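Reader: I've got a model open on my screen and a few things to ask about it. Can we talk it through?

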Amino acid sequence: MPTDRSQAWSQFRRMMLWIALAGVLMVAGAIWYLAINDALYLSAILATIGGVFLSTLLGCGLFAAAFFSDKSGHDAHVSDATRHDTPSD
């Protein structure tokens with residue numbers, strides 16, 4: 001099981017890097033959209049960076065955490081702890 005957890009950690013880190021890259025690309029696209037519509041103000045840029053990047057990281061990061069939990073075996077421990085086996089007669 002230790003190799004499964006270390007492999008899950010490396011996959012989780014790789015997913016988070018891709019998610020951060022996607023967030024940066026989405027922010028760039030949103031700022032480009034603001035520039036096209038002549039709405040490129042400092043307050044709009046800061047709100048866009050904060051809103052788009054953090055929303056992307058939060059949404060995708062929660063999914064990545066769910067996948068990590070499943071792959072690393074954390075979900076199995078919880079399922080085993082809450083299982084109520086009835087004795088056979």
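Predicted model: local features only at pLDDT ≥ 70, side-chain atom pairs only at ≥ 80, totals over all residues.

Reader: How far apart are the end C-alpha atoms of helix H2?

Author: Helix H2 covers residues 42-72, which makes 31 residues. At 1.5 Å a residue, H2 should span 45 Å. The model agrees with that, with the end C-alpha atoms sitting 43 Å apart.

Reader: Is Thr 48 buried or exposed?

Author: Thr 48 is in helix H2. Its relative accessibility is 13%, and the cut-off for buried is under 20%, so Thr 48 counts as buried.

Reader: Which residues does Thr 48 touch, leaving out those up to four places away in sequence?

Author: Start with the side chain of Thr 48, which reaches the backbone oxygen of Ala 44 at 2.6 Å. Ala 44 is itself among the buried residues of H2. With residues up to four places away left out, Thr 48 touches Val 27, Ala 30, Ile 31, Leu 34 and Phe 53.

Reader: What kind of aromatic pair do Trp 9 and Phe 12 form?

Author: The structure holds one aromatic pair. In it, Trp 9 and Phe 12 are 6.0 Å apart centre to centre, with 80° between the planes. Angles over 60 degrees count as edge-to-face, so this pair is edge-to-face.

Technical notes: Residues numbered from 1 in each chain as written. Heavy atoms only, no water. Helix = DSSP H or I, 4+ residues; strand = E, 2+ residues; numbered from the N terminus. Expected span 1.5 Å × (residues − 1). Buried < 20%, exposed > 50% of the residue type's maximum accessible area, 1.4 Å probe, protein only. Polar contact = N/O pair within 3.5 Å; in protein donor to acceptor, adjacent residues only side chain to side chain. Contact = heavy atoms within 4.5 Å. Phe/Tyr/Trp six-rings, centres within 6.5 Å; stacked < 30°, edge-to-face > 60°.
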